[in-house]
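Let's take a friendly walk through a protein model together.

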Amino acid sequence: MTLLSLTPSDIFMILGFTLSLYTCVSNDVIQTLGTFLSSNQNRPFWVLWIFSGTVLVLTFVLGWYFNDGDMSFGRLAKIPFAGEFYWYHILPPVVIILLTRKGVPVSTTFLILSVFSSNTVIGLMLAKSFFGYVLAFICAFVLYFIIARPVEKIFLYTKDRTPSKRWILAKWGATAFLWSQWLMQDAANLFVYLPRKLDLGQMLLSMGAFVLLLGIVCYKRGGEIQNILKLKTNTQDIRSATIIDCVYACILMYFQHVNNVPMSTTWVFIGLLAGREVAMYNRIRFETQKKVYKHVAKDLLKTIIGLIVSIAVVALINHFDKIYNLLDYYFNL
C-alpha cells in the first residue's frame with residue numbers, strides 16, 4: 001500500500017489506530033506505569049522508556065508469533081474487523097484525549113470497542129468490568145486490612161529512607177509483570193482498527209509507533225491523570241508501589257483466563273485503589289475519614305462520568321444516520 005493508493009477508508013483506519021494508540025497509552029499509563037514513574041522521578045525518562053519499551057516489544061512479538069499474527073491476544077474474537085472506516089470512527093479517541101486532559105479516567109474499552117461491537121458484546125464488557133471493580137475492591141480491602149499495620153505503617157514512617165536494592169529490583173520486576181499483563185488485556189483497544197492478523201511488516205510498524213508514543217508518555221511522567229495516583233496514601237514509596245503492582249497484575253492475570261471478552265482495566269484499577277484506601281484508613285487512620293472517602297467517591301464519580309460520556313458518544317455514532325435524518329426533516333419543514 002502506497003500513499004497514492006490510500007482510500008478515505010484507509011486514511012480513517014490509520015488515523016483511528018494512531019489516535020487510539022495515543023489515547024490508550026496516555027490514559028491508561030497510570031494503571032501500569034503510574035507507580036513506576038512516581039517512584040523513579042529522579043531517573044532520566046529515557047531509562048524508563050527503554051525498560052518499558054523492551055517489555056512491550058517482548059510481549060507483542062511473542063504474542064504475535066504464538067497467536068498467528070493476532071496482536072489482540074484473542075480479545076477481538078467477538079468483534080469483527082470493520083472493513084470500511086468513516087470519519088466518525090476517529091471520534092472516540094478524540095473524546096478520550098479531551099477527557100484525559102481534564103483528569104477524567106474514561107474507559108478506553110467502552111468508548112473505542114463499543115463502536116465496533118454488538119449490543120450483546122457491549123453488555124458482556126460492562127458486566128465483566130463492573131465485576132472487576134468489585135473484585136478488585138474486595139481483594140485490596142482484605143489484603144490491606146491484614147498488612148496495613150505490620151507493613152504499610154512501617155513504610156509510612158520510614159518513607160524518607162533510601163530503599164534497599166532488593167526493593168528497587170522488586171519494583172522493576174513487578175512493573176514488568178504488570179505492564180505485560182495490561183498489554184495482553186488492553187491490546188484489543190489498540191488494534192481494533194487493524195486487520196485481525198498482521199504480517200511482519202505491519203506488526204513492526206504498529207509496534208514502532210507504540211514505542212514512540214510510550215516515550216512521550218514517559219517524558220511527561222504520565223500526564224494530568226497521574227494526579228489520581230499521587231493523591232493516594234504513600235503510593236510514591238517504591239515498596240508500597242511494588243505491592244500495588246503485584247496485586248493489580250494478579251487480578252489482570254485472573255481475568256485473562258475467565259473469557260476472551262474485553263474489559264475495562266480502568267474500573268479494576270480504580271476499584272483496587274478504593275479498597276486499599278478504605279482499608280488503610282480503618283487500620284492506621286493516617287488520613288481523616290472525610291478526606292479518604294472524598295477521594296474514593298471522587299474517583300468513582302469521574303469513572304461513572306467517563307462511562308456516561310462513552311455511552312453517549314457510542315449512541316451518537318451508532319445512530320448517526322437516524323439522528324441526521326431526523327434533524328434534516330425538522331429543519332426542512
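What you see is a predicted model, where local features need pLDDT of at least 70 and side-chain atom pairs count only at pLDDT 80 or more, while totals for chains, interfaces and linings use all residues. Residues are numbered from 1 along each chain as its sequence is written, and side-chain values use heavy atoms, with hydrogens and water left out.

Let's begin with the rings. Two aromatic rings are described by how far apart their centres are and by the angle of their planes. Rings of Phe, Tyr and Trp (its six-membered ring) pair if their centres lie within 6.5 Å; planes under 30 degrees apart count as stacked, over 60 as edge-to-face and the rest as tilted. Searching the whole structure gives 24 aromatic pairs. Take Y86 and Y88: this pair is stacked because the ring centres are 5.7 Å apart and the planes meet at 25°. Y86 is partly exposed at 40% relative accessible area, and Y88 is partly exposed at 21%. (Buried means under 20% relative accessible area, exposed over 50%, and partly exposed in between, using a 1.4 Å probe and protein chains only.)

Now find W179 and F210, an edge-to-face pair with 6.5 Å between centres and 75° between planes. W179 lies in helix α7 (residues 165-191) and F210 in helix α8 (residues 200-220), so their pairing ties together parts 31 residues apart in sequence. Helices here are DSSP runs (H or I, at least four residues), numbered from the N terminus. W179 and F210 are both buried. They also belong to a cluster linked by ring pairs, together with F17, F60, F73, W182 and F191.

In helix α6 (residues 119-157) you will find I146, which is exposed at 57% relative accessibility.

Finally, is G63 buried or exposed? G63 is buried, because its relative accessibility is 4%. This residue sits in helix α3 (residues 45-66). G63 touches D70 and F73 (contact means heavy atoms within 4.5 Å), leaving aside residues up to four places away in sequence. G63 and M184 are 121 residues apart in sequence, yet 8.3 Å apart in space, C-alpha to C-alpha.

Conventions. Helices (H or I, at least four residues) and strands (E, at least two) are DSSP runs, numbered from the N terminus.
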